[in-house]
Amino acid sequence: MKIVVAIKQVPSRDSELRIASSGKWIEEADFAYEINEPDAYALEAGLRLKESYGGEVVALCAGPPRVTQTIREALAKGADRGIHIELEDEDHAALDSLATARLLAAVLRGEAPDLVLTGLQSDDLGYGQTGPILAELLGLPHATIVMHVEKQAGGIRVKRELEGGWFQHVDMPLPALLTIQSGIDKLRYATLMGIKKAKSKEVRRVTAADLGVAGPEGVPAASVTVDRLYFPQRIKRAQLFEGDPQQAAARLVEKLRFEARVI
Amino acid sequence: MSILVVMEQRAGAWNRMSFETLAAARQFARELDTTASAAVLGHSIGPLAAELAPKHLEKVYAVEHTRLQDYTPDAYTIALRQLLELAQPSIVLFPQTYQVRDFLPKLAASLGKVAVSDAISHRVEDGQLVLVRQLFQGKVNVDSRFAGDAPHFASLQAGAYPPDQPAAPAPEGAAHPSSAVEKFAPRISPGDIRTRPLEPFRESQHLVDLGAAEIIVSVGRGIKDAGNIPLIEKLTQALGAELGASRPICDAGWLPNERQVGSSGQTVAPKMYMAIGISGAIQHLVGMKASRTIVAINRDPDAPIFEVADYGIAGDLFQVVPALVEALQRSK
């Protein structure tokens with residue numbers, strides 16, 4: 001099975017964010033980046049499928065030069081090769097899910113994999129749309145929030161998560177696109193051997209121009225525009241007890257007993 | 001300009017979030033000085049569509065087809081594209097459910113659009129709708145506007161708008177005291193549907209009924225390790241509480257899935273809900289915010305959980321929880 005996993009690099013979860021002076025994005029300069037956590041689960045699912053059924057796992061990532069690091073980490077975990085769609089810093093901040101998906105789709109058409117995997121959503125933009133958009137652009141059947149994938153005659157059977165503790169199996173032919181639920185497998189660490197091997201693995205670089213998805217012709221007008229980013233006002237309504245744990249605990253118990261009357 | 005809200009049903013039962021979106025659609029319509037209509041997709045959904053008739057909507061569309069009986073992204077996209085051609089709405093609103101996450105991006109992309117997904121609030125500025133979304137897992141907000149030609153697509157986060165009240169009185173001078181249900185039969189060929197959904201199922205044999213518990217103590221990422229769960233169990237014993245958890249704890253296998261509270265677990269509303277080491281992601285909040293009294297213990301005083309809590313201790317749970325157990329035992 002040939003599998004391409006679309007991954008994204010995002011600021012690490014504990015980054016201290018600042019809004020850029022343009023107000024349209026965050027100040028990118030000074031924090032660490034890591035693989036988008038949901039995409040790490042998609043990569044893990046891809047590697048496990050390869051272990052079960054054989055084939056190849058390709059890590060595909062669009063972004064500025066710094067994303068090379070994330071592609072290398074995917075290779076160190078066991079992906080066979082990488083593809084980096086190189087973007088300028090300003091370009092990538094301005095891209096919405098559809099624009100990003102158009103770039104990814106242009107590469108995927110050439111790769112023609114059996115399965116395209118990606119995470120449920122990104123930790124930065126959080127649109128949760130790239131997967132199904134890619135399926136539409138590529139004309140592939142898809143399923144989202146997938147917990148398990150199994151090969152069967154004529155294609156695959158996947159287990160989808162529905163709301164409220166419900167699940168559902170869905171059968172579909174290959175090629176197909178799946179978005180993988182986070183937390184379904186334990187993520188592997190890169191081994192020393194893996195890191196060493198990754199150095200000799202191929203990372204192909206392409207630009208939006210190479211893909212014919214650049215310039216005013218290639219990029220249609222955005223259907224959503226950003227006014228501005230800002231930090232939300234937190235409206236705290238809790239009576240907060242801070243300081244010494246013993247005193248805070250005693251005051252809380254008193255409140256629960258005499259004010260809320262719940263104990 | 002007009003607004004269409006796409007309601008969600010499964011096997012003839014509403015997804016209750018649809019009524020939050022319906023209420024929002026009517027509010028948007030009022031503020032934008034336009035009309036709201038609703039659509040429901042499925043097979044034999046006449047009775048459901050009829051329930052929407054008294055909702056002061058311009059129109060109610062019952063989108064009927066045998067191939068819409070079980071949800072598939074292909075059939076829903078095809079049916080909705082045909083409905084949009086007929087209804088010509090400017091804005092199409094959806095509840096941000098798992099099902100909507102599955103087909104809305106595909107539907108919008110098929111028309112060259114991106115949906116504003118998971119919006120939490122709105123305002124109207126110069127006659128234009130501004131939608132607020134969250135970035136970076138709720139750390140940053142962004143104001144977005146639609147650009148280009150209609151239709152525009154948006155989905156609304158669970159709990160962002162209070163649900164529509166079934167017996168809401170007609171607004172003064174309402175043009176549509178009760179709306180006619182219009183049946184619409186889309187064309188869907190068998191070859192259009194590439195996926196085959198099987199019967200939905202539940203996994204747990206013995207479901208812990210958190211819904212019946214008077215007091216629930218839930219634990220989240222802050223617990224750091226499965227080996228620390230007994231610490232929380234001491235507290236549940238002291239309170240006579242049932243033990244719950246946020247999603248990461250169940251994903252990690254530290255507690256079974258049937259103890260999960262939130263959008264993908266159980267929805268609870270006990271007399272007291274105590275959240276320990278839970279920052280308060282929206283997926284968790286929707287499952288517990290109706291609790292009568294909410295207590296939060298979290299290291300970060302800026303954690304969103306303190307926005308829904310009545311009482312809180314901002315501190316290290318490994319110190320606070322033992323102190324709390326002691327204080328409870330002393331006060332007995």
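**Reading the model**

Q: Is helix 2 (residues 68-77) of chain A enclosed or open?
A: This is a predicted model, so let's keep that in mind. Seven of the ten residues in helix 2 of chain A are buried, so the helix is largely enclosed by the rest of the structure.

Q: Which residues of helix 2 of chain A are the buried ones?
A: A general idea to start with: an α-helix has 3.6 residues a turn, so residues three or four places apart point the same way. Here the buried set is made up of Thr70(A), Ile71(A), Glu73(A), Ala74(A), Leu75(A), Ala76(A) and Lys77(A).

Q: And what follows helix 2 of chain A?
A: Gly78(A) comes next, and its phi is positive, near 135°.

Q: Where do Ala11(B) and Asp126(B) lie?
A: Look in the loops. Ala11(B) is in the one between strand 2 (9-10) and strand 3 (13-14) of chain B, while Asp126(B) is in the one between strand 8 and strand 9 of chain B.

Q: Where are cis peptide bonds found here?
A: One joins Leu174(A) and Pro175(A), with omega about 0°. Another runs from Ala150(B) to Pro151(B), where omega is near 0°. Pro175(A) sits in the loop between strand 9 (166-172) and strand 10 (176-180) of chain A, and Pro151(B) in the loop between strand 10 and strand 11 (152-156) of chain B.

Q: What is the strand order in the open sheet of four strands?
A: Read across the sheet, the order is 12(A)-10(B)-9(B)-8(B), with antiparallel pairing. Strand 12 (224-230) of chain A and strand 8 (121-125) of chain B stand at the edges with a single partner strand each, so one side of each has no neighbour in the sheet. Neighbouring strands are turned by 30° against each other on average, direction ignored.

Q: How many bridges pair strand 9 and strand 10 of chain B?
A: Six bridges, in the antiparallel sense, between residues 128-135 of strand 9 and residues 140-146 of strand 10.

Q: How is chain B divided into domains?
A: Domain 1 covers 2-192 and domain 2 covers 210-330. Their centres, taken over C-alpha atoms, are 34 Å apart. Four residues from domain 1 of chain B and six residues from domain 2 of chain B make up the contact. On the domain 1 side, that's one nonpolar, three polar and no charged residues.

Q: What does chain B hold overall?
A: Nine helices and 19 strands. Its C-alpha atoms fill a box of roughly 70 × 45 × 35 Å along the principal axes, and 52% of its 332 residues count as buried. Among contacts in chain B between residues at least 6 apart in sequence, 64% join residues at least 24 apart.

Key: Residues are numbered from 1 along each chain as its sequence is written. Chains are lettered from A and ligands numbered from 1 in the order in which they are written. This is a predicted model: local features need pLDDT of at least 70, side-chain atom pairs count only at pLDDT 80 or more; totals for chains, interfaces and linings use all residues. Two strands pair if DSSP finds at least two bridges between them. Helices (H or I, at least four residues) and strands (E, at least two) are DSSP runs, numbered from the N terminus. Axes are lines fitted to C-alpha atoms, for helices over the stretch in contact, and angles run from 0 to 180 degrees between N-to-C directions. Domain bounds come from an automatic or database domain assignment. Two residues are in contact if their C-beta atoms, placed from the backbone, lie within 7 Å. Ala, Val, Leu, Ile, Met, Phe, Trp, Tyr, Cys and Pro count as nonpolar, Asp, Glu, Lys and Arg as charged, and the others, Gly among them, as polar. A residue is buried if 20 or more other C-beta atoms lie within 10 Å of its own, exposed if 12 or fewer, and partly exposed in between; C-beta atoms are placed from the backbone.
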